[in-house]
Amino acid sequence: MQNYAQQQEFILSQITNKYFQRRDFSGCDLRGIDLKGINLSGINFIGADLRGANLSGCVLTRANLSGANLMQASLREANLYEASLCEANLTNADLTRANLCGTFLWRVKFIGSNLWGASLCDVDLREADLNEAKLTEASLIEANLSFANLTRANLAGAKLLEANLTEANLTGADLTWANLTKANLSKANLWKTNLIYAKLRDTIMPDGTIEQPQIVIYETYP
């Protein structure tokens with residue numbers, strides 16, 4: 001009977017063998033495995049246990065990680081374009097500068113996760129839990145964050161142009177210098193939200209009003 005280390009080595013050899021046709025690792029125990037920089041595009045990791053795994057720099061385009069446990073995993077600068085992470089657990093994971101554009105993140109858990117500088121354009125983050133997540137300077141252009149939990153999230157300098165934040169919970173969130181141009185905040189909870197220097201051009205506010213840009217009139221003198 002193989003021990004844990006042997007199982008990990010065997011799975012790693014399967015994943016990295018370019019002639020290996022099996023692309024299904026759903027439900028596998030991959031805790032702590034080091035897959036740094038490997039091309040994992042299109043692989044099935046549904047429900048896999050990837051706690052503490054090193055996926056830094058990996059190519060995970062169109063991979064299926066739905067329901068996977070990625071707590072404390074490292075995905076720094078990973079490419080997750082159009083991957084599926086629906087209902088995955090990424091609590092305290094590191095996704096610094098990761099590419100998540102077009103990714104399916106419905107009900108994902110990003111509690112306390114580091115998403116500094118990450119690209120999250122046009123992502124589906126409906127009902128996602130981003131409690132205390134670090135989204136400083138992240139790009140969330142046209143992202144769907146309706147009903148998302150962003151309590152105490154750090155969104156300083158984030159780009160939220162045309163983002164859908166309908167009924168999102170932004171209690172205590174930091175939106176300093178964030179760009180919310182044409183974002184939809186209808187029925188959102190902005191209790192103690194920091195909006196200092198935030199750009200609110202044509203932004204739909206929680207009460208349904210539209211924030212208009214400030215018009216500055218310059219007087220000329222003869």
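Predicted model: local features only at pLDDT ≥ 70, side-chain atom pairs only at ≥ 80, totals over all residues.
Next I looked for aromatic pairs across the whole structure, and the search gave two. I noted that a pair of aromatic rings gets described by the distance of the centres and the angle of the planes.

One of the pairs is F25 with F45. Their rings are stacked, with 6.1 Å centre to centre and 25° between the planes. Where do F25 and F45 sit? I found F25 in the loop between α1 and β1, and F45 in the loop between α1 and β1 as well, 20 residues apart, so I put this down as a link between distant parts of the chain. F25 and F45 are both buried.

Then back to W177 and Y197, which also form a stacked pair. I wrote down 4.6 Å centre to centre and 15° between the planes. This pair, too, links distant parts of the chain: W177 and Y197 are 20 residues apart, each in the loop between α1 and β1.

Last stop was A156, which lies in the loop between α1 (4-16) and β1 (203-204). Why does A156 count as buried? Its relative accessibility is 17%, and buried means under 20%. Which residues does A156 touch, once neighbours within four places in sequence are set aside? I got contacts with T136, E137, D174 and T176. I also checked A156 against S186: they are 30 residues apart in sequence, and their C-alpha atoms are 20 Å apart in space.

How values were computed:
Residues numbered from 1 in each chain as written. Heavy atoms only, no water. Helix = DSSP H or I, 4+ residues; strand = E, 2+ residues; numbered from the N terminus. Buried < 20%, exposed > 50% of the residue type's maximum accessible area, 1.4 Å probe, protein only. Contact = heavy atoms within 4.5 Å. Phe/Tyr/Trp six-rings, centres within 6.5 Å; stacked < 30°, edge-to-face > 60°.
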